[in-house]
Each structure stands twice: as C-alpha cells, then as structure tokens.
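User: I would like to go through this model by question and answer, beginning with the terms and then moving to particular sites.

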Amino acid sequence: TGYRKDVVLLCVVVFVYGSLPNTCAAIFSSRGVEGSDTNEIEAINFLREYDKEASTMCTRFMEASWDFNTNVTETNRRKMLLRQMEWSEFHRNKWKQATTFAWKNFTNPLVRRMFSFVTVLGKAALPKEKLQELSELVQDMKTTYSTAKICKYDSTQRRLPNGDYDYYADFDAEDNEIGCVPTLSLEPEVTQIMARSRDPEELRYVWRAWREAAGKPLRHKYIRFVQLANEAARLNGFEDAGAYWRSDYETDDLHKELQELWDVLRPLYEHLHAYVRKKLREKYGEKVVPRSGPIPAHLLGNMWAQTWTHTQDLTIPYPGRTSVDVTASLLRQGYMPLHMFRLAEEFFTSLGLDPMPLGFWQKSLIVKPTDREVVCHASAWDFCNGIDYRIKQCTRVTTEDLITIHHEMGHIQYDIQYRNQPFIFRDGANPGFHEAVGDVLALSASTPHHLQSIGLLENVDDSYETDINFLFTMALDKIAFLPFGYLVDLWRWEVFSGKTGELSLNRRWWELRLSLQGVSPPLPRDEDDFDPGAKFHIPANVPYIRYFISFIVQFQFHAELCKAAGHVGPLHHCDIYRSHKAGTLLRNVLSLGKSRPWTEALLILTSGKTSKLDVKPILEYFAPLIAWLKSQNRGEFVGWRVSEAIVQPVRTSNASVITGVILAIVAVVFFVVVIVAVVRKIRGTGKALHAVTQGS
C-alpha cells in the first residue's frame, strides 16, 4: 500500500494548489447528508480508514466483474453479484459513519470535498431486496445484449409479394420457414457486415435483426430498471436518476450548457450530413436515399450510425490521394493485436508518461476467445490497488481498432497518473475528461505525417487535397458522432424524469434521432420495439453524455498540448509525439484526479485562460473542411425534412393500440361510475333534506 498518500497530507495538498483561483471557495458540492459531529480530526481518521478498506473492497469486486465479463457464465454472474452486494453493503456502512459528521463546516476544503462524495450513497441507498433486483436486472440486460446472435442473410429465402426479403420470418416462432440457427455475434461478424456490405437489403436485414435480438427483449426489464434507478436517486436527494448522473459535472445547468454547445456545432454537422447524403444518393439512388430527407440509418457503415468512417470508399473527397486508413498496411506488415497495443504504448512513453505495467500484458484480454462467451465491448479496468490495470478488447487488425486501443490506453494512463490520490479522488475530473485522454493522443497519432513516421503510410504529400481527405476522414468520426453522443442521454434523462412515458419510449428515441441526427430507420418501428436497448450503454447503464463532452474537450486539450509542444501551423497538422513538455502538462492535469473540480483542471491546462467547455478549438481544427463542404454543397439542401424520410419512423403497434383502447375503456367506465356515484349522493342528500323539512 505504499503508493497511497496518507489522507493527513491533505493540508499539504491545499498549500500546493494554493495558487489556484478560489482554492478555499466551493471546491466541493453541497450535496450529501451531514450530522452533528464537529470533530475534524476524527473525520480525517475516518477518511484514512475508508481509503484503505475501500481500495480492498473495490479490488475484490473488480476481480469478480472481470471474471464474468471475460467468461460469461451463470456461476461467474452469481459471484459477481455477490461481490457487488458486498461492495454496496460496505458503502452503506461507511455512509452511515460519514453522515454523523458536520462536514460542511470543516476548515479543510479537500476534506469537505471528500465528504461531499462519500455522503452520497448511490444505488446502495435502496433496500437490500431492491438493490439485489436492480443489480440482477442490469446484469441480465448486459448478458442478453452480449450473447445476442442473429442469422445470416439469405436473399433466396421467403420473399414478400413486393419482392422484399421477409425480415420478420427469422423471428416468427410459430411460422419459421427459414429455420435458421443464429450464429453471428455483434463482434466481429455483424460489425463487419455493417462496415463492408454495400447491399441495402442485406444491411437492412442485419440492422433490424440485431435490434430484434439485442434490443426488443429488454423493453420490460428497462422499464423496471428506470423505476428502481429513480427510487435510488430520490433516496439520495435527487429528483430522478438523470439529475443524479448530471451531478457528476458539478455544473448548475448542464442541460443549457450542452444545448448551447450543440447549437454552435450543428451547422458543421449539417454540412457534413448534406455532403454524405449526396454521395450515398449517387451510390444507391433516390429511392433509397432521399434528396433532402434524413439518411437511412443502415447505410452509414455503423450499427448505430454514430460514426461514418466506413463510408469513406463512397464519400472520400479526392480518391487516389493519401488516406489515413492504414488497415491494409497493418495487415500487409503482419501486425497482430499485441503489436498494435505496443505501438500505442510507445506514443504515451514518448511523452514521458508511464509504460503499461508488467501485469497489464499478462492479464489483459486483447483477442476474442473462441472457447467461451465474453463481453466484447472494449473497456479499460482499474483494479483499485495502484498495480493492476487491464484492457478488455476483441481486437481486429484495423485502423478503427488501433484508435480504440489509444482510447482505452488513455483511460489506463489517467488511472496510473492519479493512483497516488486518496481512493475517493481516483477518478477523472469529470467523466468526459476520462474519455478524452486517449482520443487526444489519437488526434496526433492519426495525422498522415505521424503515420508515415512509424512506417504505416508511404509517399505522404502536403497537398490541399490530402489535407481535405484527412479532415474529412476525421469528421466522419468526430463530427458525425456529436448528435448521437448528445441525444442518447437526452432520451434517458427524459425517460428518468417521466417526460417520456412507457408507451412512447421508441417513438421519442426516433424523434430525437430524426431532429438532431437526421437519420431515419430503414424499416417501420413501433412501441413493441426497443431500439435504444440495441446500444450497449443502455442495458449496461453507462451514462453517455460523457462522450459528447469528451469530443469537445479533447480538442481543447489538443490545442493546449500543441502550444506546449511548440507547434506552429494549422491545428490539424499538430503531432505532439515525443514532446516531453506536452507530456508534463498532461501529467499535471491527469494527476489531479477528482481532487479538484474539472473547471480548475481546465484552468491549469489553459494556463488560466478558461474554465469552460469551448468549441473554438474544434472549429479551428476543421476550418478548412468547413469551407470546402460549403463549396461542395452549393445547390444541395443543407439540413433535412423529416417528412421526406423514405420510411416514416414509428407506427403504432397492435399491442400499443390494444393497450390504448383498454385504457380508454377503463377511463370511460371509471368516469361513468364516478358520475353515477355523485348522482346517487345528490339524490340521497335531497331525500334527507326533504325528510328534515317535513319533520320540522
């Protein structure tokens, strides 16, 4: 345990950061419960004890969770749930102790900040039976998602009168003429089909089949999950689970701030959308891609249309010029997943940052096993002991996965940098910061000149066309993602708050996707479907707005690190590789962990210039592309008319109609019963009055 700093040293920490603005001001949230014990020395002793015990309990839970995620069995699931309940019980007990202290009046601001976190209990506030139910619900949903498989597309089977393949036949248990056995997992088979196929019918089938297998079965479970998550949030003093999630950002009005950021970025997205739609229409025709309507979601190279990088072969501005897709080069040079991980590590160490520890290479899972089910969604793991860090990724030898490796290794680097903080502060300044770190380095690692310097590209030229190709490729990833990253939690926050009810979950999902993202479903959807559940973060209960924030803040990081590295020239040309000055600045921010509000971390990064999220760096980065897109979109409708969608998004299902009719009948009957009761009461009152009058 030598890596942990004694909590008593907090007073020293305060002096170290004393030069920061507002050091003694509100560096802690006022959330959390407090008691009447004013003994600050006892409180610090409690924190020291908590630090030691929490690290141990966290390690035990993480080990059980790792075992389940890398070997999905019922036995491992039960062990993980047992450890999760132990972890929750530990939190409950420590919360009871913490809330005896009158911590909001303590003199040490970092002690107050610690208590502001430890006195919010989270889901452990639920009664034991409901906590068990919530934990099992989430794990059941994750298991359903992670083990979902679909059948292969076979266009020779069962056609409808209009010639379309019968997409619904595979799932009709009573009338299944195909008799297929589902064998295709999301990773790698289904993902590869969505990326590579140019057959709209096959893409439409796979798009729908995945949602039938992974999303639809979760609908009723998710409704119950929302009820339990809201109950837990209210027990912690929040209006609902969405408000609880937003509290991580320590911002008064996160909703408003995000809306303002999106309003500024939307025109750039709309120009990218218009250009890509035009190119897809040239490929597939107006019967498949409308001239001024939303883009059908199955044509964008990704199961959720969240990034569009796999449409490059159809949309790249200058074919034949340098491309930053180095998949062919990786394969030609015999790269294996391990080599890709070593390549990413070398970028971090070139900045003077830490190498991955030996245990990382011994215990990480970087190739999908063939002998068992695993949760393939890439993730980074901190085992809470300052020693054990791992990545779980079913790696393919592709450019996309090379970038993902940088992203996940960025999480690990962040974990390593704040490992000397007390346990409570071992986290990102906000969730978006944690997501941004690896992506910041990938902005440099993706530049044509960097790829040339490490032998993955040849004959890179500095032409305008190469510049536009590079920026366009980056936009298919970074800009295309923005509305999706924004809307996922807008939807969840509305569901948590009750603004979106149980009977309109899917309808509201597609309203947001149409209005913000400009994509439409390739098939009619209804309220029997649950398309949000076909995205991992929904069943896994992982907040998503962090990704939207990270896609903004990573460009703020990039701009400042480039200044530190002495870069001169366009921001998109910057490569901080081998700059120890940039590495030192990054280390200074990462090592803070959650000990300071994220706004102060931004102040350190920007040398005191700003403490706010700022879209100026991302607009500066893409400025040449913005001008180019505007020139290409002359005569093209920029934006989309929802009414011109090839398929209108949500229809009312039979079940929804029946439910609505039943509810209407119940309402009418109730209304009639109430009227009859009132009339009888009035008549009874009249008779009584008449009798009284006669008696008088």
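Analyst: A residue is called buried when its relative accessible area is under 20%, exposed when that area is over 50%, and partly exposed in between, using a 1.4 Å probe and protein chains only. This is a predicted model, in which local features need pLDDT of at least 70 and side-chain atom pairs count only at pLDDT 80 or more, while totals for chains, interfaces and linings use all residues. Residues are numbered from 1 along each chain as its sequence is written, and side-chain values use heavy atoms, with hydrogens and water left out.

User: Is His411 buried or exposed?

Analyst: His411 lies in helix H15, where helices are DSSP runs of H or I with at least four residues, strands are runs of E with at least two, and both are numbered from the N terminus. Its contacts, meaning heavy atoms within 4.5 Å, include Ala380, His434 and Glu435 once residues up to four places away in sequence are set aside. With a relative accessible area of 9%, His411 is buried.

User: Which residues does the UniProt annotation "binding site" cover?

Analyst: The annotation comes from an unreviewed UniProt entry; its positions are given in the numbering used here, feature names are shortened, and annotations may be inferred rather than shown by experiment.

User: Which residues does His407 touch, not counting residues up to four places away in sequence?

Analyst: His407 lies in helix H15, and its relative accessibility of 12% means that it counts as buried. Leaving out residues up to four places away in sequence, His407 touches Glu435, Gly438 and Asp439.

User: Which helix gives the most to the lining of the largest cavity?

Analyst: A cavity is a set of points on a 1 Å grid over the protein atoms alone where a 1.4 Å probe fits but cannot get out, and its lining residues have an atom within 4 Å of a point. Grid points are joined across faces, edges and corners, and a volume is the space filled by probe spheres set on the points; by this rule there are two cavities of 30 Å³ or more, and the largest has a volume of about 70 Å³. Its lining includes Leu343, Phe347, His406 and Tyr577, and helices H13 (337-350), H15 (399-417) and H17 (448-453) are the elements that give two or more residues to it. The most, three residues, comes from H13.

User: What volume does the second largest cavity have?

Analyst: Among the residues lining the second largest cavity are Trp245, Arg246, Asp248 and Trp493. The volume of this second largest cavity is about 40 Å³.

User: How many Å separate the C-alpha atoms of Leu487 and Trp509?

Analyst: Leu487 lies in helix H18 and is buried, with a relative accessible area of 0%. Beyond residues up to four places away in sequence, it touches Trp509, Leu512, Arg513, Leu516 and Gln517. Although Leu487 and Trp509 are 22 residues apart along the chain, their C-alpha atoms are separated by 8.5 Å.

Notes. On a 1 Å grid over the protein atoms alone, a cavity is a set of points where a 1.4 Å probe fits but cannot get out, and a pocket is an open set with protein on both sides within 12 Å along at least five of seven lines; lining residues have an atom within 4 Å of a point.
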